[in-house]
Amino acid sequence: VAKASYVFIALAGVVLLFLLLQTIQNRAHQVMRLSQGGFLIAFQVAGLVATCTSFLMQPKNDLYCQIGFPICLVSLHTYYAVTIARLWRIHSMISPMLLKSMGLETPTAMERIKRLFCCTMRTNRSTSPDQEQDRSSSNQVERSRFVSDKQLSVLITILVVPQGILQLLVVLWEPAQRDTTFNDDQSVGTAVCQYDDSATLAVWGLGIFGALVVSLWIMAYQSRNLPSLFNESRTIFETTFNTVVIIAVGVGIVVATDDPDVDYMVRICVILSITVNTSFRLIMPKLQMVYRGETVVVSKLVLDHAKKETMRRKNSSLSVATSDADTS
């Protein structure tokens, strides 16, 4: 089981390392700059750390038991904290623009958040007559991104620090210990990592992480139809939903089998599926644009989307009115 897990971790690590190195190498490219390249790198580093340290989840000795779970949980928490911060930036910028374009009423509190970043772009391989104007708009976006990086960093810090402090307390005050469980006739023993029955900090850590994932999923659901660069909002929504399903299935398998080896492999599979699936789907489209030599210019995607939504609303209202008339 341990050797198989090492193979899976190594393969996943190679994929994530490739994505990370390519992002760093092309971080000066316009696609990466407009995609919040610095936060993309932090996002991938957190995922790579969670992947490469997942082998510590095996009950090899007391040290593994004490630090394995906290390190992986903090890494995954950071992974999703960066994701939710980037999604917040997309939502806070695009929603007010859509409302203004559609002529709707005053935005809600969520939509009044300071516009942080405009990632409604279109791709273009050739130089267009409007490129100078697009470059000016792009520079404004770059300045907005530079100013708002501090705000996003503060948000990520606020989301991650409580989990980090909690897991530090787990290691210092309520560390897990390596123990041995036996079968019914006490003939075969299996090593496991166990917390004391009175330990509660680890449970709180899982609860905070679960709340973060659910919050991300709800936010991604609300933003899934917003136009954004590479349709990131919908991708985040789909990958977060997959995460919830994977965790639920994993917990079900662990509870049903009650086998330490199965427990370890399920944890490995859950961590690897989360990091590889999410990172690949978010990063690879950007790298493909870089490889094709495409550039990103500010477009009228938001306005076009608003027109479509306005037309859809009018058609819906017309259908309702027609239905009411037929009923009368």
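Figure 1. Asp 263 and Arg 267 both belong to helix 8, where they are 4 residues apart, about one turn of the helix. In this predicted model, the two residues form a salt bridge whose closest N and O atoms are 3.2 Å apart. Asp 263 has a relative accessibility of 21% and therefore counts as partly exposed, and Arg 267, at 33% relative accessibility, is likewise classed as partly exposed. The count of salt bridges comes to 2, and the other pair is the subject of the next view.

Figure 2. The side chains of Arg 281 and Glu 238 meet in a salt bridge, with a distance of 2.5 Å from N to O. Because Arg 281 lies in helix 8 and Glu 238 in helix 7, the pair ties together parts of the chain that are 43 residues apart in sequence. Arg 281 counts as partly exposed at 30% relative accessibility, and Glu 238 counts as partly exposed at 27%.

Figure 3. Thr 275, a residue of helix 8, has a relative accessibility of 0% and so counts as buried. The side chain of Thr 275 is joined to that of Thr 51 by a polar contact of 2.9 Å. When neighbours within four places in sequence are left aside, the residues in contact with Thr 275 are Leu 16, Gly 47, Ala 50, Thr 51, Leu 76 and Tyr 79.

**Figure 4. Thr 53 in the loop between helix 3 and helix 4.** Thr 53 has its place in the loop that runs between helix 3 and helix 4, and at 16% relative accessibility this residue counts as buried, since the class takes in values under 20%. A polar atom of the Thr 53 side chain lies 2.6 Å from the backbone oxygen of Val 49. Apart from neighbours within four places in sequence, Thr 53 is in contact with Ile 71 and Cys 72.

**Figure 5. The largest nonpolar core and the contacts of Tyr 80.** This core holds 39 residues, of which Tyr 79, Tyr 80, Leu 87, Ile 156, Phe 209, Leu 216 and Ile 236 touch the most other members. Two or more residues are supplied by each of helix 1 (2-25), helix 3 (37-52), helix 4 (62-102), helix 5 (131-173), helix 6 (201-223), helix 7 (232-257) and helix 8 (260-291), and helix 4 gives the most, with 12 residues. For Tyr 80, with neighbours within four places in sequence left aside, the contacts are Phe 209, Leu 212, Val 213, Leu 216, Thr 243, Ile 274 and Thr 278.

**Figure 6. The protein chain as the setting for the close-up views.** The chain has 9 helices and 4 strands, which follow one another from the N terminus in the order α-α-α-α-β-α-β-β-α-α-α-β-α. Of its 328 residues, 43% count as buried. Among contacts between residues at least 6 apart in sequence, 79% join residues at least 24 apart. The chain exposes about 17,100 Å², and carbon and sulfur atoms supply 62% of that area.

Conventions:
Residues are numbered from 1 along each chain as its sequence is written. This is a predicted model: local features need pLDDT of at least 70, side-chain atom pairs count only at pLDDT 80 or more; totals for chains, interfaces and linings use all residues. Side-chain values use heavy atoms; hydrogens and water are left out. A nonpolar core is a set of buried Ala, Val, Leu, Ile, Met, Phe, Trp, Tyr and Cys residues joined through side-chain atoms within 4.5 Å. Buried means under 20% relative accessible area, exposed over 50%, partly exposed in between (1.4 Å probe, protein chains only). Contact means heavy atoms within 4.5 Å. A salt bridge is a side-chain nitrogen of Lys or Arg within 4 Å of a carboxyl oxygen of Asp or Glu. Accessible areas come from the Shrake-Rupley method with a 1.4 Å probe; for residues, only the protein chains shown count as cover. A polar contact is a pair of N or O atoms within 3.5 Å; within protein, one must be able to donate a hydrogen and the other to accept it, and residues adjacent in sequence count only if both atoms are side-chain atoms.
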